[in-house]
Amino acid sequence: MRPERMLRPPPGAGSTPTPGGGSFVEFSAVCVEYASSGGSIHALEKVDLAFGEGDFVCIVGPSGCGKTTLMQTLAGFIKPTSGSVRLAGVEIEAPGPERGVVFQQPALFPWMTVAENAGFGPTVRGVNPAERARKIEQYLRTVGLWEFRERYPYELSGGMQQRLAIVRALVNDPKVLLMDEPFGALDALTRERMQEELHAVWRRTGMTVVFITHSVEEAVYLGTAVVVMSPRPGRIVERLQVNFSRQTERDIRTIKASPEFVAVKEQVLALIWNMEV
C-alpha cells in the first residue's frame, strides 16, 4: 500500500479557515471498530482529514473501505472508537440539523406532497410558518420543483425524487451537506443531469459538501478535492485538489472528454486498482 501523500494545492485552492482559525471540518485520528458475531471489525484506522468551508469533498475507494462509516461519524450516527470529528471547532457527539444527509434512496414520505416533504424538518423544529413557506419555495424553485409542489412522490421521476431529497436537507440551512451515493440508482443520463444540478445548488448556496461515491468520474467532476481511501481498515491514502467543478465556461461532456480530466480520472483509478490487486 502506498503511504499517505498530500498533493500541494495550486495557489488559491484548498481549505478555507474558520473564523477562529483551523479547518471547518476536521477528522483527527478517527478509529472505528464494530462488534460482530465473527469478532471485531476494524472499519477505520487513524483517519486524519481536514477541509474548509465551501469545499466539495468527494471520497472514493474500494468497496468496504469505510467511506460511509467515515461520513456517518460526521453525521453523528456513529461515535468513533477513538479520535474526534469536529465541525467549526465543535466536537460532534450526535446528529444535528446543521448536518443535512442525503442517502442513495430518497426515503420520502409517500403520503405527503412535494411541498410537505420539503418542509418536514422545519415543521418538526417549529420554524415560523411564514419562514418555512419562504424556504420551501426558495429551494423548490432552485431545483426546478416548484411547479410540482402539490404532487406526490410517486408522480415524480427518480431524478426529481432525489432533487426533493436534497431540498429536504437544504431547508434546514445545514452547515454541511452529506451525500452517500445519492445518484447511484439513477440511469446514466439522469445521473449527469443531477451532477449539473447539484453543482448549480452548491455554487448558489456556498454549501460545504461531503460526497461518497463509487464513481471516480463523478468524484473528479464534482469535487474540489478527491480523497482516496485504502481497503479496510480505511485510511486516507491520497488527496488530490481538482478544479473541474469551478469550470463554468465548459459543459459537462466537454469537461469529461478533456485530456486533463481523463488524466486525473486515470490517476485516481490507478490508485484504487493498485490497492485491490
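Colleague: What does the secondary structure of the chain come to?

Modeller: Nine helices and eleven strands. Keep in mind that this is a predicted model.

Colleague: Okay, what makes the chain agree with a compact globule?

Modeller: The radius of gyration. A compact globule with 277 residues would have one near 19 Å, and the chain has 19 Å, so the two agree. The C-alpha atoms fill a box of roughly 55 × 45 × 45 Å along the principal axes. As for burial, 51% of the 277 residues are buried. The accessible surface comes to about 12,800 Å², and carbon and sulfur atoms own 52% of that.

Colleague: And how far apart in sequence are the residues that contacts join?

Modeller: Take the contacts between residues at least 6 apart in sequence: 71% of them join residues at least 24 apart.

Colleague: Why is T69 called buried?

Modeller: The cut-off for buried is under 20% relative accessible area. T69 has 11%, so T69 counts as buried. T69 sits in helix α1, residues 67–75. Skipping residues up to four places away in sequence, T69 touches V32, Y34, A43, L44 and I78.

Colleague: Which residues is L108 in contact with, leaving aside neighbours within four places in sequence?

Modeller: N117, P153, Q161, L164, A165 and R168. Look at P153: L108 and P153 are 45 residues apart in sequence, yet 7.0 Å apart in space, C-alpha to C-alpha.

Colleague: On to the sheet. How do you know that β2 and β5 pair?

Modeller: Pairing takes at least two bridges between two strands. Five bridges join β2 (residues 25–36) to β5 (residues 82–87), so by the rule they pair, and they run antiparallel. For a spot to look at, E26 stands opposite R86 in β5.

Colleague: What order do the strands of that open sheet have?

Modeller: β3-β2-β5-β6, four strands with antiparallel pairing.

Colleague: Why are β3 and β6 called edge strands?

Modeller: Each pairs on one side only; that goes for β3 (39–51) and for β6 (90–91).

Colleague: Last one: how far apart are the mean positions of the positive and negative charges?

Modeller: 2 Å, with 30 positive and 31 negative charges in the chain.

Terms used:
Residues numbered from 1 in each chain as written. Predicted model: local features only at pLDDT ≥ 70, side-chain atom pairs only at ≥ 80, totals over all residues. Heavy atoms only, no water. Helix = DSSP H or I, 4+ residues; strand = E, 2+ residues; numbered from the N terminus. Buried < 20%, exposed > 50% of the residue type's maximum accessible area, 1.4 Å probe, protein only. Contact = heavy atoms within 4.5 Å. Rg over C-alpha atoms; globule rule 2.2 N^0.38 Å. Areas by Shrake-Rupley, 256 points an atom, 1.4 Å probe, with all protein chains shown as cover. Lys, Arg positive; Asp, Glu negative; His and termini not counted. Charge placed at Lys NZ, Arg CZ, Asp CG, Glu CD.
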